[in-house]
Amino acid sequence: MSIQEISLSGRKKIVSNKEMTFFERMYLIAIFKGLWITIKHFFRKKATIQYPEQVREMSPVYRGQHMLKRDELGRENCTACGLCALSCPAEAITMKAAERTADEKHLYREEKYASIYEINMLRCIFCGLCEEACPKDAIYLTISKELVPASYNREDFIFGKDKLVMPLDIAMKNAQLKNAN
């Protein structure tokens, strides 16, 4: 048994060096096949849209900017459990837990809260795993079209609680809509 006959995978194929015909050597058939594909594309519907006049409809699974939710009383839902940071494949979320004091009862639902909650938007891949991992439904990805505003400084891409926490007026509107239903 020679080395040319051995096949470790069992998928060895023998290639024949058959002589090409005149038309195959001229590559005319291949050229006409390529031209036929090009001509077919002339008569298909265009995938391009004229952006400012036409707006592409968003996918139902679109995930936009992050937001930390508040409850109907305006208190933050986040309890700093850290599951969102653990589930983040890009390791974009950092947080620091703190104990709630007596005078902060109106701000936080639980005794433990996130005193520092930051998302590095340069690392975030908008996968939505943080949203799925949160047991308190505290973080969610909005349907906002603006993801991250442009900037020249890296510090501007680290979103803290000042940019992430839901504004109080929106939280109150959500509570009114829940009570109406």
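Visitor: How many disulfides does the count come to?

Guide: A disulfide is a pair of cysteine sulfur atoms within 2.5 Å. By this rule the count is 0. Some ground rules first. This is a predicted model, where local features need pLDDT of at least 70, side-chain atom pairs count only at pLDDT 80 or more, and totals for chains, interfaces and linings use all residues. Residues are numbered from 1 along each chain as its sequence is written, and side-chain values use heavy atoms, with hydrogens and water left out.

Visitor: Which cysteine sulfur is nearest to that of cysteine 78?

Guide: That of cysteine 84, at 6.2 Å. Cysteine 78 is in no disulfide. Cysteine 88 is in no disulfide either. For cysteine 88 the nearest cysteine sulfur belongs to cysteine 127, 6.0 Å away.

Visitor: How do I read a nonpolar core?

Guide: In soluble globular proteins, nonpolar side chains tend to be buried together. A nonpolar core is a set of buried Ala, Val, Leu, Ile, Met, Phe, Trp, Tyr and Cys residues joined through side-chain atoms within 4.5 Å. Here the largest one has 23 residues. Those with the most contacts inside it are Ile93, Tyr117, Ile119, Met121, Ile139 and Leu164.

Visitor: Which elements give two or more residues to this core?

Guide: Elements are DSSP runs, numbered from the N terminus: helices are H or I with at least four residues, strands are E with at least two. Strands β3 (112-120) and β4 (139-141) give two or more residues to the core. The most comes from β3, with 3 residues.

Visitor: What is isoleucine 119 in contact with?

Guide: Contact means heavy atoms within 4.5 Å. Set aside neighbours within four places in sequence. Isoleucine 119 then contacts His66, Ala92, Ile93, Cys124, Ile139, Phe157, Ile158, Phe159 and Leu164.

Visitor: Where is isoleucine 139?

Guide: Isoleucine 139 is in strand β4. Its relative accessibility is 2%, so it counts as buried. Beyond four places in sequence, isoleucine 139 is in contact with His66, Met67, Leu68, Tyr117, Ile119, Cys130, Glu131 and Cys134. Now take a pair that is separated in sequence. Isoleucine 139 and asparagine 77 are 62 residues apart along the chain, and their C-alpha atoms are 8.3 Å apart.

Visitor: How much space lies in the largest pocket?

Guide: Rolling a probe the size of a water molecule over the atoms shows where empty space is left. The search uses a 1 Å grid over the protein atoms alone. A cavity is a set of points where a 1.4 Å probe fits but cannot get out; a pocket is an open set with protein on both sides within 12 Å along at least five of seven lines. Grid points are joined across faces, edges and corners, and volume is the space filled by probe spheres set on the points. The largest pocket holds about 230 Å³.

Visitor: Which residues are closest to the centre of the largest pocket?

Guide: Lining residues have an atom within 4 Å of a point. There are 14 in this lining, and the closest to the centre are Lys69, Arg70, Asn77, Asn174 and Lys178. Helix α6 (residues 168-180) gives the most to the lining, with 4 residues.

Visitor: How many residues of that lining are charged?

Guide: Asp, Glu, Lys and Arg count as charged; Ala, Val, Leu, Ile, Met, Phe, Trp, Tyr, Cys and Pro as nonpolar; the others, Gly among them, as polar. The lining has 8 charged, 4 nonpolar and 2 polar residues.

Visitor: Where is leucine 122?

Guide: Leucine 122 is in the loop between β3 and α4 (129-133). At 42% relative accessibility, it counts as partly exposed. Leucine 122 touches Arg154 and Phe157, not counting residues up to four places away in sequence.

Visitor: What is the phi of tyrosine 27?

Guide: Positive, about 60°, although tyrosine 27 is not a glycine. Tyrosine 27 sits in the loop between α1 (22-26) and α2 (28-42). Aspartate 137 has a positive phi of about 55° and is not a glycine. Its place is the loop between α4 and β4.

Note on methods:
Buried means under 20% relative accessible area, exposed over 50%, partly exposed in between (1.4 Å probe, protein chains only).
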